[in-house]
Amino acid sequence: TSTQSGMTLGVLIVTLNFMTDEVSKDTLTGLNNRLAFDSLLKEIEDEKDTSKNWFMLMIDVNGLKATNDEYGHEAGDSLISGTAGVIKETYGEKGHCFRIGGDEFAVFTFIDNQSDTDICDKIHDECDRYNASSEKTYYIDISTGSVSFINEDGVDVNKKLDEADDILYQNKRYKRKNIIKK
């Protein structure tokens, strides 16, 4: 009957929405994963709305290997999930937040009246707050790289991603080497 078909279709749609959401989430952090990140990159590249001023922030956790070596992989997972919590706290309401690799994260948001520096300072300030109140025996320490761009014809989002990554690794060279609290 048509009622049963409609109910079946409704259940199928709900199931597909649930599965799509589950496939695009990182199980450790609850953030969107690499699949969702790649999908957003494609969406931005295909979009032709030149009124949007995008801000891309790449984040790399410093000291994950040292934490794993010193305290074990459970502590490393805690470092990753703690970093994800800081990212969610800082950008979760206004941005798209992703875990794109082992200790690599990304955030996409729009710039309104803030400078790139202000947006980056927010995550470092939130890390400082987290570290000051955390009972963990290690710090959350991150390196960041960012670019902003208006999505005009011909913008190469992957090139912008490479630019942000280059800045991140330049910044990483100047970070503290030891994330273990003494």
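A: Two strands pair if DSSP finds at least two bridges between them. Keep that in mind for this predicted model. Start with strands β1 and β4. Nine bridges join them, and the two run antiparallel. Within this pairing, D60 stands opposite S143 in β4.

Now widen the view to the sheet. It is open and has four strands, in the order β2-β3-β1-β4, with antiparallel pairing. The edges are β2 (96-99) and β4 (142-150); each has a single partner strand, so one side of each is left without a neighbour in the sheet. On average, neighbouring strands are turned by 15 degrees against each other, direction ignored.

Helices come next. Helix α4 (residues 73-91) packs on the sheet and touches β1, β2, β3 and β4. The direction of α4 makes about 5 degrees with that of β3. Helix α6 (residues 157-172) lies across β1, β3 and β4, and runs at about 150 degrees to β4.

Then turn to the aromatic rings. Six aromatic pairs are found in the whole structure. One of them joins W54 and F108, edge-to-face, at 6.1 Å centre to centre with 80 degrees between the planes. W54 sits in strand β1 (residues 53-61) and F108 in strand β3 (residues 104-110), 54 residues apart. Both W54 and F108 are buried. W54 also pairs with F110: the centres are 4.4 Å apart and the planes at 45 degrees, so this pair is tilted. Here too the pair links β1 with β3, across 56 residues. F110 has 38% relative accessibility, so F110 counts as partly exposed. F37, W54, F98, F108 and F110 form one aromatic cluster.

Definitions and conventions
Residues numbered from 1 in each chain as written. Predicted model: local features only at pLDDT ≥ 70, side-chain atom pairs only at ≥ 80, totals over all residues. Heavy atoms only, no water. Phe/Tyr/Trp six-rings, centres within 6.5 Å; stacked < 30°, edge-to-face > 60°. Buried < 20%, exposed > 50% of the residue type's maximum accessible area, 1.4 Å probe, protein only. Axes fitted to C-alpha atoms, helices over the stretch in contact; angles between N-to-C directions. Contact = heavy atoms within 4.5 Å.
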